[in-house]
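Here's a quick briefing on the side-chain pairings in this model. Have the structure open while you read.

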Amino acid sequence: MCSSCNGDSAPAANGHSNGIIANGYTNGTTNGATDHTPHNPRQMPFSLPSDYLSNVSNFKIIESTLREGEQFANAFFDTDTKIRIAKALDEFGVEYIELTSPASSEQSRLDCEKICSLGLKAKILTHVRCNMQDARIAVETGVDGLDIVIGTSPQLMQHSHGKSMDYIRETALEVVQFVKSKGLEVRFSSEDSFRSDLVDLLNIYSAVDKIGVNRVGIADTIGVANPRQVYELIRTLRGCVRADIETHFHNDTGCAIANAYCALEAGATHVDTSVLGIGERNGITPLGGFVARMLVANRDYVRGKYDLTKLKVIEDLVADAVEVNIPFNNPVTGFCAFTHKAGIHAKAIIANPTTYEIINPADFGMTRYVHFTSRLTGWNAIKSRVSQLGLEMTDSQIKQCTTRIKAMADVRKLAIEDTDSIIHTFHANLSVGHGEEKPLLDDMTPEERRQFAQKEAELRLEPESKELDEVVERQNDLLATNGIDSTNGVKILNGEATAAAERRGVSTLT
C-alpha cells in the first residue's frame, strides 16, 4: 500500500492558478503526479461482491446530445454547432453518437449526412419511430445504425400512437429485418418501459431477439423508476435475451445516474447520456456525472477508454450553445466540485487529498480550491497560502494572521485579493515598531474598523477561554475522585479548607 493512502507522506507542494490551490494525488512526492488512485487497494467495507452479470467495467456510451439534447428547451443547434459537438464527443472517446431522426426535417436529414461524412471514430446512430417510412429515409443517410422506438405503456398506446401490442410486435419485426438487410446495427426499444406490462415487454423483446436485433432498449421516459426497479427489470430481461441491453433514463426525480449504474450492475451494456444531461424536461443521464460515477467504480477502465480532460471543453461548448450556466454543483466541472472550505477539511486535503476527495481532479485536467477567505478558514490553509505567496512566517505568526482573517471575514465578505492583502500587510507589520503598523485593509469604514477590533478581541480570547475550561474540568475531576462536593471544593480552592484538604491528600489541587 502506498504511503499517501495511509496519510504518511509529507504534504505535497502546492501549485496555484487563478486562486486554485492544486495538490496532485502523489506517491509521497511533490511533483503533482496524477497517476495515483485515491482508492484504497483493499476492498472498501461497503463494497458488494462482484456479480457475474455486471458490466460496470464493460460498458459503452451512446451520446445523445445531438438527439435527446435537441429536445432541450433552449436548444437550437445549427450545422456548424452540431459538427463541433460531434467532433468534441469523438475526441472524448464515446463509442456512439446519436442524431435526431432525418425524417424530422430536411435540415435534420442533411445534418445527419454531413456528420456521417466526417469520418469520426464513433459510430453514428439515428433515432427513428417504429415505421418503415422513417427507416427507409434513415438508412440512406450513411449512418452506422438505427435506434427504433415505440411506446408500450397503456398511456402511450392509448393517447400517443393508438396502436395495439400485436401491431407493435409485427411492425417491429418488419422494421428490424429491413434494417438488418441493409447491414446496419439496429436497436429496438420500448418507450415508457417502466409503466409497461412486463409480459408484453418480454414477449416483444424475445421476438426481436430471435431475429438478431443488436440491442434491445429500456427507457424510463418520464423518470419514474428507482434503482431497485431498474435492477430487477434489467436482471429479468438479461435472462430472456441474448442481445445487448441499452438503457435510457430521464432525470425528473433525480435518479438518472444511479439508475444507469444499477442497470450496468444488472447486466445492461449501453447507457444513453447527454452533455450536462440536457434533453426533454429535466433531461437524461449527464455524461459528466455518469463518467464520474464509473471512474470511482473502475478508474483504470474509464481512464483507458475516455479522454477525461476533454469533459470541461465539451460542457463549456454545449452550455454556450444552449445559453445556460454550468450548475455550481455539477459533477467534476461545477464551481464547487473540488472546493474545500472548513478548516478541518482544508488541513486534511493539504496533507493528503484522498481524505476528502474520491475523485482526483487532475484526471479531468481540473484543480482543487482550498477556500481561505472565510470565517471557517483554518490556519493550515493560510499556511499553505503564505507559502504560495513566497512569504516566511512561523506557525505562531500564521495563527495570529489567521485570527485576523477570521475576524475580518466576520465583518465583510472577503475576496482572494482581500485575504492576500491581509497576509502581506500582516507580514510587513512584523518588521515595524509598535504603533507603526499599517491597517490590514485600506478601504475599511470606521464601522468596519470598530467591528473588526471587537471580533478580533473575541477570537483572541477563545484560546484562553478554552484553556480555563480545561483547567476547571481537571479540577472537577480531581474533586470528584476524592469525594469532595462542589461547595467544599470551592472552599478548598479559596484556601478556606486547606488543612482539611491536606488531610484528605489533595493539597496539590490548586
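This is a predicted model: local features need pLDDT of at least 70, side-chain atom pairs count only at pLDDT 80 or more; totals for chains, interfaces and linings use all residues.

- Side chains of opposite charge can pair when their charged atoms come close.
- E98 and R67 do this through their side chains, with 3.2 Å from N to O. Because E98 belongs to strand β4 (residues 96–99) and R67 to the loop between β3 and α2 (79–92), the bridge ties together parts 31 residues apart in sequence. Both E98 and R67 are buried.
- E246 bridges to R215, and their closest N and O atoms are 3.0 Å apart. With E246 in strand β9 (residues 244–249) and R215 in strand β8 (residues 215–220), this pair also ties together parts that are 31 residues apart in sequence. Here too, E246 and R215 are buried.
- D252 and R281 meet in a salt bridge at 2.7 Å, N to O. The link runs from the loop between β9 and α9 (256–266), where D252 sits, to the loop between β10 (270–273) and α10, where R281 sits, 29 residues away.
- Shared partners join K123, D147, E185, R187, R215 and E246 into one salt-bridge network.

**Aromatic pairs**

- A pair of aromatic rings is described by the distance of the centres and the angle of the planes.
- For F59 and F290 that gives 5.4 Å centre to centre and 75° between the planes, an edge-to-face pair. The two are 231 residues apart: F59 is in the loop between β2 (20–22) and β3 (60–63), and F290 is in helix α10 (residues 287–297).
- Why does F59 count as buried? Its relative accessible area is 2%, and buried means under 20%. F290 is buried too, at 0%.
- F188 and Y205 are edge-to-face because their planes are at 70°, with ring centres 6.3 Å apart. F188 is buried at 0% relative accessible area, and Y205 is buried at 1%.
- Ring pairs also gather F59, F92, F290, Y301 and Y306 into a cluster.

**Charges over rings**

- R215 puts its charged end over the ring of Y96, 5.2 Å from the centre.
- K163 lies over the face of Y167, with 4.9 Å to the ring centre.

**Around H127**

- H127 is found in strand β5 (residues 123–129), and it counts as buried at 15% relative accessibility.
- What is H127 in contact with, leaving aside neighbours within four places in sequence? The contacts are R67, E98, L99, S101, D147, V149 and R187.
- The C-alpha atoms of H127 and E68 are 9.3 Å apart, although 59 residues separate them along the chain.

**Helix α15**

- Helix α15 has 17 residues (395–411), so at 1.5 Å a residue it should span 24 Å, which agrees with the 25 Å between its end C-alpha atoms.
- Its buried residues are I398, C401, T402, T403, R404, I405, A407, M408, A409 and V411.

Terms used:
Residues are numbered from 1 along each chain as its sequence is written. Side-chain values use heavy atoms; hydrogens and water are left out. Helices (H or I, at least four residues) and strands (E, at least two) are DSSP runs, numbered from the N terminus. The expected span of a helix is 1.5 Å times one less than its number of residues. Buried means under 20% relative accessible area, exposed over 50%, partly exposed in between (1.4 Å probe, protein chains only). Rings of Phe, Tyr and Trp (its six-membered ring) pair if their centres lie within 6.5 Å; planes under 30 degrees apart count as stacked, over 60 as edge-to-face and the rest as tilted. A charge sits over a ring if NZ of Lys or CZ of Arg is within 6 Å of the ring centre and within 35 degrees of the ring normal. Contact means heavy atoms within 4.5 Å. A salt bridge is a side-chain nitrogen of Lys or Arg within 4 Å of a carboxyl oxygen of Asp or Glu.
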